[in-house]
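I opened the notebook to record what could be looked up in this structure, entry by entry. The sequence and the coordinates come first, and my notes follow.

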Amino acid sequence: MMKEHYEAVLLDGCALEKGRLSLCTINDYHGSFRRKILYQVHCDDTKVKHSEFYESSSQAVKKFLELKRKIR
């Protein structure tokens with residue numbers, strides 16, 4: 001249920017942040033990514049370092065939630 005909520009918020013044009021963890025549609029911030037929609041999950045927490053682009057919003061949200069659980 002939380003996954004669907006986060007995905008709807010992301011698709012509505014909002015970024016998600018939890019401390020040093022973030023999820024956004026990178027196209028909203030960088031015009032060079034106009035060919036296709038990409039989502040970025042970025043974390044620079046001391047426990048977890050991660051930065052990756054995803055073509056699927058659901059895969060990006062899945063990774064965001066996985067990292068969110070790890071940095072609690």
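This is a predicted model: local features need pLDDT of at least 70, side-chain atom pairs count only at pLDDT 80 or more; totals for chains, interfaces and linings use all residues.

Entry 1: Residues are numbered from 1 along each chain as its sequence is written, and side-chain values use heavy atoms, with hydrogens and water left out.

**Entry 2: disulfides.** How many disulfides does the rule count? With a disulfide taken as a pair of cysteine sulfur atoms within 2.5 Å, I get 0 disulfides. Cys 24 is in no disulfide, and the nearest cysteine sulfur to it, that of Cys 14, is 12 Å away. Cys 43 is likewise in no disulfide, its nearest cysteine sulfur being that of Cys 24 at 13 Å. I also checked the accessibility of Cys 24, which is buried with a relative accessible area of 10%.

**Entry 3: the elements and the overall dimensions.** I listed 2 helices and 4 strands in the protein chain, where helices (H or I, at least four residues) and strands (E, at least two) are DSSP runs numbered from the N terminus. Read from the N terminus on, the elements run α-β-β-β-β-α. The radius of gyration is 12 Å, which agrees with the value near 11 Å that a compact globule of 72 residues would have; this radius is taken over C-alpha atoms, and the globule rule is 2.2 Å times the number of residues to the power 0.38. Along the principal axes, the C-alpha atoms fill a box of roughly 35 × 25 × 15 Å. Of the 72 residues, 39% are buried.

**Entry 4: how the strands pair.** I followed the strands in order, counting two of them as paired if DSSP finds at least two bridges between them. Strand 1 (residues 16-18) and strand 2 run antiparallel and are joined by 3 bridges, with Glu 17 opposite Ser 22 in strand 2. Their hairpin has 2 residues between the strands, and Gly 19 takes a positive phi near 60° there. Strand 2 and strand 3 also run antiparallel, joined by 5 bridges; Thr 25 has Tyr 39 in strand 3 as its bridge partner, and Leu 23 has Val 41. Strand 3 then pairs with strand 4 (residues 49-54) in the antiparallel sense over 6 bridges, and a hairpin of 4 residues joins the two. In this last pairing, Gln 40 stands opposite Phe 53 in strand 4.

**Entry 5: strand 2 and its serine.** Is strand 2 largely enclosed or largely open? I found that 4 of its 5 residues are buried, so strand 2 is largely enclosed by the rest of the structure. Ser 22 is found in strand 2, and at 21% relative accessibility Ser 22 counts as partly exposed. Leaving out residues up to four places away in sequence, Ser 22 touches Leu 16, Glu 17, Gln 40, Val 41, His 42 and Phe 64, a contact being heavy atoms within 4.5 Å.

**Entry 6: the nonpolar core.** Which residues of the largest nonpolar core touch the most other members? A nonpolar core is a set of buried Ala, Val, Leu, Ile, Met, Phe, Trp, Tyr and Cys residues joined through side-chain atoms within 4.5 Å, and among its 16 residues here the answer is Leu 21, Leu 23, Val 41 and Phe 64. Helix 1 (2-11), strand 2 (21-25), strand 3 (39-44) and helix 2 (57-70) each supply at least two residues of this core, and the largest share, 5 residues, comes from helix 2. Val 41 has contacts that include Leu 21, Leu 23, Tyr 54, Ala 60, Phe 64 and Leu 67.

**Entry 7: an aromatic pair.** Rings of Phe, Tyr and Trp (its six-membered ring) pair if their centres lie within 6.5 Å, and planes under 30 degrees apart count as stacked, over 60 as edge-to-face and the rest as tilted; I count 1 aromatic pair. The rings of Tyr 6 and Phe 64 have centres 5.7 Å apart and planes at 85°, so the pair is edge-to-face. The pair links Tyr 6 in helix 1 to Phe 64 in helix 2, 58 residues apart. Tyr 6 is buried at 13% relative accessibility, and Phe 64 is buried at 2%.

Technical notes
Buried means under 20% relative accessible area, exposed over 50%, partly exposed in between (1.4 Å probe, protein chains only).
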